Amino acid sequence: MKTIAAMVGLIIMIMGLCACAATSEDMTGAFGAAEMVFELDGKAYPLKSHAAPLIAAIGQDYALTASPSCVYDGEDKQYVYEHITVYTYPLDGEDRIDEIYITGGSYKTAKGIGIGSSLADMQAQYGTGWFDIDTMCVYVVSGDPNDISSQKLYFEMTDERVSGISYYSASNAG
């Protein structure tokens, strides 16, 4: 009798663990911290890393704006290209990647989502654990839409098509 009770208890515990895993998966889908790396020509550019290699890879045809940083010593900068903008913040004498905002061109996420991709394609690659904020589908690394210090991947949508992509580091929030 004790063996049957132990087996039933074990089965209940395993089912409980599976339920927790399903809840976690439903919350975040196929999205996680690994998706917060922008790739260009086979090279990876993580958020909060040195910006100079990414700027060099995109090219020198940009408009630069700079203003005193509200959080760090130095200047926050915007490198504005035709279809992509790189926002930086100063840290330890170097510009770091704060945000990468894609508005056109052939730029895509590492999972192949670019401007013009459908909502269904986005969900197939990143899961359905996004949060709806105005016209954006927002994936949050922590899974909590109220976590202002968590990195986020934004997909702006127009008629269920991606019209903008933003990798955001949340560097100014922690």
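Guide: Two strands count as paired if DSSP finds at least two bridges between them, and helices (H or I, at least four residues) and strands (E, at least two) are DSSP runs numbered from the N terminus. This is a predicted model, in which local features need pLDDT of at least 70 and side-chain atom pairs count only at pLDDT 80 or more, while totals for chains, interfaces and linings use all residues. Residues are numbered from 1 along each chain as its sequence is written, and side-chain values use heavy atoms, with hydrogens and water left out.

Visitor: How do β1 and β2 run, parallel or antiparallel?

Guide: Strand β1 (residues 37-40) and strand β2 (residues 43-46) run antiparallel and are joined by four bridges, with Leu40 having Lys43 as its bridge partner in β2. The two strands form a hairpin with two residues between them, and Asp41 in that turn has a positive phi of about 50°.

Visitor: Switching topic, where does Ser69 sit? And is Ser69 buried or exposed?

Guide: Ser69 is in the loop between β3 (63-68) and β4 (75-80). Its relative accessible area is 13%, so Ser69 counts as buried (under 20%, whereas exposed is over 50% and partly exposed lies in between, with a 1.4 Å probe and protein chains only).

Visitor: What does the side chain of Ser69 make a polar contact with?

Guide: The side chains of Ser69 and Asp76 are joined by a polar contact of 3.1 Å, meaning a pair of N or O atoms within 3.5 Å where, within protein, one must be able to donate a hydrogen and the other to accept it, and residues adjacent in sequence count only if both atoms are side-chain atoms. A polar atom of the Ser69 side chain also lies 2.9 Å from the backbone nitrogen of Tyr72.

Visitor: What about cysteines, how many disulfides are there?

Guide: A search of the whole structure finds zero disulfides, a disulfide being a pair of cysteine sulfur atoms within 2.5 Å. Cys70 is exposed at 78% relative accessibility, whereas Cys137 is buried at 4%.

Visitor: And which residues have the most contacts inside the largest nonpolar core?

Guide: They are Phe38, Leu54, Ile100, Leu153, Phe155 and Tyr167, in a core of 30 residues; such a core is a set of buried Ala, Val, Leu, Ile, Met, Phe, Trp, Tyr and Cys residues joined through side-chain atoms within 4.5 Å. Apart from it lies another core of six residues, including Phe131 and Val138.
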